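Dear colleague,

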Amino acid sequence: MSAGRIQIDVVDGSILEVEAEAIVNAANSRGIMGGGVAGVIKRAAGLEVDEEARRQAPIPVGSAVLTSGGRTRFKGIIHAPTMPEPGMRIEPGNVALATRAALALADTQSFTSIAIPGMGTGVGGVAHTEAAARMIKEIKAYSARTLRLVILVDVDSAMVQAWRECLAGS
């Protein structure tokens, strides 16, 4: 299959309810699934997914690891750190690094679709517009082998609006 462009869909809602082969967890380098989206995923997937992620730590910002989907229907969960330690405020560049790492791992695992939440906008403190711009730039620049669809999904309507505005302006 030749390298191709990726379709981007934006969804206002829970990452657990989208139709995708895998979902992305905006993680920390220690693999600890604490609050925010990580906590929601951990509650749905089960403690074993948190344990799988921790066993693969440290996970440097700019890389990603794959765990099972646990009790979810997803084939896997991609853990892409935006921060070295839980609860840190981060630089916007980390959003780009984590997004790129998630795309690359999804592609190497031959996934055709993944769902990504807002990266770094919770405790990371990155502005929604900045995170949206960095994420969409990385997705558009990525030359995929198997990945064909990225669903940007969040329960935060400000994040969803930022993605929509960024896509409309590009």
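Where is the place of Ser 110? In this predicted model, Ser 110 sits in the loop between helix H3 (93-108) and strand S5 (113-116). Its phi is near 65°, a positive value in a residue other than glycine. With a relative accessible area of 41%, Ser 110 is partly exposed.

The peptide bond that joins Ala 57 and Pro 58 is cis, with omega about 0°. Pro 58 belongs to the loop between H2 and S3.

I turn next to the largest pocket. The space in it amounts to about 550 Å³. It is lined by 28 residues, and those closest to its centre are Ala 26, Gly 35, Gly 36, Val 37 and Ala 38. Two or more lining residues are given by each of strand S2 (22-28), helix H1 (36-45), strand S4 (76-83) and strand S6 (149-154). Sorted by class, the lining of the largest pocket has 13 nonpolar residues, 14 polar ones and one charged.

Helix H2 covers residues 47-55, and its buried residues are Val 49, Asp 50, Glu 52 and Ala 53. Viewed down the axis of H2, these buried residues fall within an arc of 160°, so they line one face of the helix. A general point lies behind such patterns: an α-helix has 3.6 residues a turn, so residues three or four places apart point the same way. Leu 47 and Arg 55 are exposed on the other side of H2. The partners against which the buried residues of H2 pack are H1, strand S3 (65-67) and S4.

Helix H4 comprises the 14 residues 128-141; at 1.5 Å a residue they should span 20 Å, and the end C-alpha atoms are 20 Å apart, in agreement with that value. Its buried residues are Ala 131, Ala 132, Met 135, Ile 136, Glu 138 and Ile 139. Because these buried residues fall within an arc of 160° when seen down the axis of H4, they line one face of the helix. Thr 129, Lys 137 and Ala 141 are exposed on the other side of H4. The buried residues of H4 pack against strand S1 (7-12), H3, S5, S6 and helix H5 (157-168).

Leaving out residues up to four places away in sequence, Glu 138 touches Ala 96, Thr 99, Arg 100 and Leu 103. Glu 138 and Leu 103 are 35 residues apart along the chain, and their C-alpha atoms are separated by 8.7 Å.

Helix H5 gives a similar account. Its 12 residues should span 16 Å at 1.5 Å a residue, and the end C-alpha atoms of H5 are 16 Å apart, which agrees. Met 159, Val 160, Ala 162 and Trp 163 are the buried residues of H5. They cover an arc of only 160° around the axis, which puts them on the same side of H5. These buried residues of H5 pack against S1, S5, H4 and S6.

Two loop residues complete the findings. What is the state of Ala 20, buried or exposed? Ala 20, in the loop between S1 and S2, is buried, with a relative accessible area of 13%. Residues up to four places away in sequence aside, Ala 20 touches Phe 74, Ser 113, Ile 114, Ala 115 and Ile 151.

Val 155, by contrast, is exposed, with a relative accessible area of 66%. It is found in the loop between S6 and H5. Neighbours within four places in sequence aside, Val 155 is in contact with Asp 12, Gly 13 and Ser 14. The C-alpha atoms of Val 155 and Pro 117 are separated by 8.7 Å, and the two residues are 38 residues apart along the chain.

Yours sincerely

Definitions and conventions
Residues are numbered from 1 along each chain as its sequence is written. This is a predicted model: local features need pLDDT of at least 70, side-chain atom pairs count only at pLDDT 80 or more; totals for chains, interfaces and linings use all residues. Side-chain values use heavy atoms; hydrogens and water are left out. On a 1 Å grid over the protein atoms alone, a cavity is a set of points where a 1.4 Å probe fits but cannot get out, and a pocket is an open set with protein on both sides within 12 Å along at least five of seven lines; lining residues have an atom within 4 Å of a point. Grid points are joined across faces, edges and corners, and a volume is the space filled by probe spheres set on the points. Helices (H or I, at least four residues) and strands (E, at least two) are DSSP runs, numbered from the N terminus. Ala, Val, Leu, Ile, Met, Phe, Trp, Tyr, Cys and Pro count as nonpolar, Asp, Glu, Lys and Arg as charged, and the others, Gly among them, as polar. Buried means under 20% relative accessible area, exposed over 50%, partly exposed in between (1.4 Å probe, protein chains only). The arc is that of the directions from the helix axis to the C-beta atoms. Contact means heavy atoms within 4.5 Å. The expected span of a helix is 1.5 Å times one less than its number of residues.
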